[in-house]
Amino acid sequence: MKGTYIGELEELVLLIVGLLYQDAYGVSVLKEMKDQTGRELNISAIHAVLNRLEEKGLLNSNMGGAEQVRGGRRKRFYTLTSAGRAVLDEVKSTRDKLYGQLPALNFSV
Amino acid sequence: MKEGQSKPPRWADRFLSWYCNPKLLEQIQGDVHELFYWRLEEHGYTKAKKSFIWDVLRFFRWSNIKRKSSHKTQFNNTAMFKNYFKIGLRNLWKQRLPSTINILGLSLAIGCSVVAFKWIESTYTKDSFHEHLDDLFLVTHWEDLETNKGRAGATDNRLTREILSSVAGIKHSSRYGSNGQLETKQGEKLTSNYAYFVDPEYLKMFSFEFIAGDPNTLNDAGNIIIDESTSTRFFADQLAVGKILEMKIGEAWKSFQIGAVVKDKPNNSSLRVNTLINYVHLEQLYAIQDREWSTNFFIQRQNGTDRSDLEAAMNALLPVFNKDQEEGSYLSFQLEPLSTMAINAYEVFGGVGSAPPTAPNVLLASIALFMLILATFNYINISMAMAMKRMKEIGIRKVIGSKRKQLISQFLIENFILCGLSMMLGIGLAAGLFLPWFNNIAGGDLQVNILGHKNLWMFLGGLLMFITLASGLYPAIVASSYKAISIIKKERMTNGNGLLSGVFMTFQMILAMITIVGAVMFIYTNEVNQSRDWGYDQYNKLTVTVPDAKYFEVFREALEADPTIAKLASTKTSIGRELNGVPFKYEEQLNYAELFDVGYDIPDLFDFELLEGRFFDKTLASDVNKALVVNEAFMNAFQLEFTEDGIPILMDSTQYLIVGVVKNYHYWGFDQKIRGAAMRVVPTVEHRSFVMEMREGDILAQRDALKKSLSALAPDYEVYVSVQEMILDSYFEDLKGVRNILLFTAIMAITLAAMGLYGLVNINVSTHIKDFGIRKVLGANGFQLAQPVYKKFRNILGLAVLIGGSVAVLVVEMLLEVITAYSAPIGILPISGAALILLLVAFLTLNIQVARVKKLNPAETLRMD
């Protein structure tokens, strides 16, 4: 199924949405991404990824949280769905498994 | 910091609002704004502005621009429409009476339109049943002759042979000619019978249905093909194939064997069958007469041959042909497709078929249109009123969030259901009732076969759409236009609705009035015409036609000896049965007039009223072929004054003398104005019939007795004796059809108007039922209760009678002029009669509702409040 495989950026965004918990929307994801990974992405890229993840059923969204600084406009908050969480778990376990099989580095040539 | 520098650049912001899907705009715009202010603090205005612009440009991608997002705005349309249907049906059921009125009215109108459509279509799609329709052509040509400048439908016979031998691409061909009625003998029985001469390929080209026999039978020149009704006429139920018929072609009797029997030609066929004989017999006849002739010539092209190529190849023959001819001036050939042959028949001289009749088509189309207008108006009125009762539903739907478009589509769907039901009922009515009845009148064989009739499908589909929109759009738009708040606050709905329904109702009543006046006038005119003075004494007269010259003297002796005959006269022309228009010339004036060749005693026997001069004189031999007795119209046409010496006048370069003038007499039906008519005496040897004045007695019995005694004298022939006073019977019989149609229209129109009125009053009373309840409680009597009901419709009816009456005079006069040349003037009587009928129907309709109000128990209606 298409939704079960996700790209690296998607994985990062998914993780960030997960860790931001109830405060994940475009700008907060962007800032968190910059703070935590040092990656500076354009906001439109974040939106595109969020939309795609929602389409895949890994995220849910709802509108809310109007602020003065936004000119009274609401944000679209994203939350992790259980499918999203499962995908993250799977990705991690795959990585761990593969990582565990790396041969130990031998410096005693 | 400048004031403008604390805000994102306006143009970029506007650009974003412009391109972005409104559904996504809020979150996107919010995010970029938030980012802008964040960057403003972190990096300053210039950086923030640049980033903002960059962000806006980066968002400019299709997924943010497209207005329909597939996963976010998926409406469940089927469920919605299902719901509309359900509500529609429930509403129909809840408002049974008005709905029934609507459906009935519409279906009547639709039934009429279907009949009109079928009839009109059939006149425009003549000859469409042939299998090879697309490849069949009549050969016509343009010519420039003294006698005919224009297009001609008959081709010189020699040219047809040349065309066949030298033009490539012709698959089949057939000439088609007739020599009028042929005397036909079957055993001892002698009758006359129409026959057509064709080439053997005729039945390969044209698709007439075979009942029995060999389709190729005409290849043998001794065989013929007859149609079903001819077969029935000669052989009753017996199988005709193999039987012998003798026919007289020219002067020679020939014996034919019947090789095949085909079904009678369909009504829409221009080509006839009756009896088909091999064309060689006609060729032989003309060879004996030693003459050249032209004939209708049909060809069937080979598949894929171009029409213009054929025409060019045929035109190539003309230079040679024209050189040999003295007067042959064929300009060019034009192939007339069979499918348009009848429609174009008016411009082809000597062609085949006849163009569609205009008058009946216009009459039928306008009747159908009348009905549709009536029914649609009814519908609009009633559904407006029905919608008013549903205002609360509309209000609530609006509050919940229905858009106006949705409300309109809901109303239209309900309308569609109703129109669909009416359509089914209408088709049923047309197929089961109107069409058979119409066929009866018009002598057609129209049928509704819905399957496999593409034009009808298209017509019905179009009609359904039209009715649905015409009747439903306005009420839907008005009903959905009210503001929810005013509906729920129960504000009074004032949208000129009362005025509009009044106008519609008035219009309906006017139409009804016109049709009633039309029908009444038509019946009245017929009555007047039936008792109109014919200008001569048509009673107690019998006419017998002598079947063969050799019996003339035998018949005379027998008739002179007959005691029941008071007076006897012989003649050539039977007045009232034949017309013979010829040009007369007086000095420089040329006028056409009827010329009747009669015997000496005819004017006296028919008792024409002599105004001036004298009748023919037996003692004057000079009267024969010289003297004329003319009617007043003749004198008027030439503006002549009668003189005792007689007036000389020229006809066909022979000089005649007008010796007497008689009062105008009807020598033909009343559909034609009397024009000039002259009687001329011809010698007795030319006479072919006897006219007898009978003594008092039953004229029909006298006719039968005479027929019997004369038939005994001429055993080989059928002897016809006819009653003079009955010669117009068929004319009046024909008019009965028109009368029935007009009567039917009037009844329909008044029914529809009455139904509309009933529906309107019914709803009116229902909405004011509490009003009536309170009045009753307060002690209103029956009259006072009825008053508001009458009052509302009094003006409408008054106006309708006034306008309808005056319009009717104009319209009906025009109609009558088309149908009959002699119409009684439209007096006050038929109009007041029509008004009375209309008022009576309206009064009865109103009274049904008034009775309901009178019987009403106020407690029932007021209990709720």
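At what angle do the axes of helix 26 and helix 27 of chain B cross? The legends below start with that pair and then visit other places in this predicted model.

**Figure 1. Helix 26 and helix 27 of chain B pack against each other.** The axes of helix 26 (residues 782-819) and helix 27 (residues 828-855) of chain B come within 10 Å and cross at roughly 160°. An angle over 145° counts as roughly antiparallel, and these two helices of chain B are therefore roughly antiparallel to each other. The crossing of helix 26 past helix 27 of chain B is right-handed. On the helix 26 side, the residues that meet helix 27 include Leu785(B), Val789(B), Phe793(B), Leu797(B) and Val801(B). Their partners in helix 27 of chain B include Ile831(B), Leu838(B), Leu839(B), Leu846(B) and Val853(B). Sorted by class, this contact has 16 nonpolar, 3 polar and 1 charged residues.

**Figure 2. A look along helix 27 of chain B.** With 28 residues at 1.5 Å a residue, helix 27 of chain B should span 40 Å, and its end C-alpha atoms are 39 Å apart, which agrees. Which residues of this helix are buried? They are Pro830(B), Ile831(B), Ala834(B), Ala835(B), Leu838(B), Ala842(B), Thr845(B), Leu846(B), Gln849(B), Val850(B) and Val853(B). As you follow that list, keep the helix geometry in mind: an α-helix has 3.6 residues a turn, so residues three or four places apart point the same way.

**Figure 3. Ser689(B) sits in strand 23 of chain B.** Strand 23 covers residues 689-694 of chain B. Is Ser689(B) buried or exposed? Ser689(B) is buried, because 21 other C-beta atoms lie within 10 Å, and the cut-off for a buried residue is 20 or more. Val544(B) is 145 residues away along the chain, yet the C-alpha atoms of Ser689(B) and Val544(B) are separated by 5.5 Å. Beyond its neighbours within four places in sequence, Ser689(B) is in contact with Thr543(B), Val544(B), Thr545(B) and Val546(B), and also with Ser570(B), Thr571(B) and Ser574(B).

**Figure 4. Chain B touches chain A.** Here 16 residues of chain B are in contact with 15 residues of chain A. On the chain B side, the elements that give two or more residues are helix 2 (22-43) and helix 3 (45-59). Helix 2 of chain B supplies the largest share, 11 residues. By class, the side of chain B that touches chain A holds 5 nonpolar, 6 polar and 5 charged residues.

**Figure 5. Tyr21(A) and Asp607(B) each have a positive phi.** Most residues other than glycine have a negative phi. For Tyr21(A), phi is near 55°. Tyr21(A) lies in the loop between helix 1 (8-20) and helix 2 (26-37) of chain A, and counts as exposed because it has 9 C-beta neighbours inside 10 Å. For Asp607(B), phi is near 60°. The loop that holds Asp607(B) runs between helix 21 (602-606) and strand 18 (610-613) of chain B. With 14 C-beta neighbours inside 10 Å, Asp607(B) counts as partly exposed.

**Figure 6. Stepping back to chain B as a whole.** Chain B has 28 helices and 24 strands. Of its 865 residues, 37% count as buried. Among the contacts in chain B with a separation of 6 or more, 82% join residues 24 or more positions apart.

Definitions and conventions:
Residues are numbered from 1 along each chain as its sequence is written. Chains are lettered from A and ligands numbered from 1 in the order in which they are written. This is a predicted model: local features need pLDDT of at least 70, side-chain atom pairs count only at pLDDT 80 or more; totals for chains, interfaces and linings use all residues. Helices (H or I, at least four residues) and strands (E, at least two) are DSSP runs, numbered from the N terminus. A residue is buried if 20 or more other C-beta atoms lie within 10 Å of its own, exposed if 12 or fewer, and partly exposed in between; C-beta atoms are placed from the backbone. Two residues are in contact if their C-beta atoms, placed from the backbone, lie within 7 Å. Ala, Val, Leu, Ile, Met, Phe, Trp, Tyr, Cys and Pro count as nonpolar, Asp, Glu, Lys and Arg as charged, and the others, Gly among them, as polar. Axes are lines fitted to C-alpha atoms, for helices over the stretch in contact, and angles run from 0 to 180 degrees between N-to-C directions. Angles under 35 degrees count as roughly parallel, over 145 as roughly antiparallel, 65 to 115 as roughly perpendicular and the rest as oblique. A crossing is left-handed if the near helix is turned anticlockwise from the far one by less than a right angle, and right-handed if clockwise. The expected span of a helix is 1.5 Å times one less than its number of residues.
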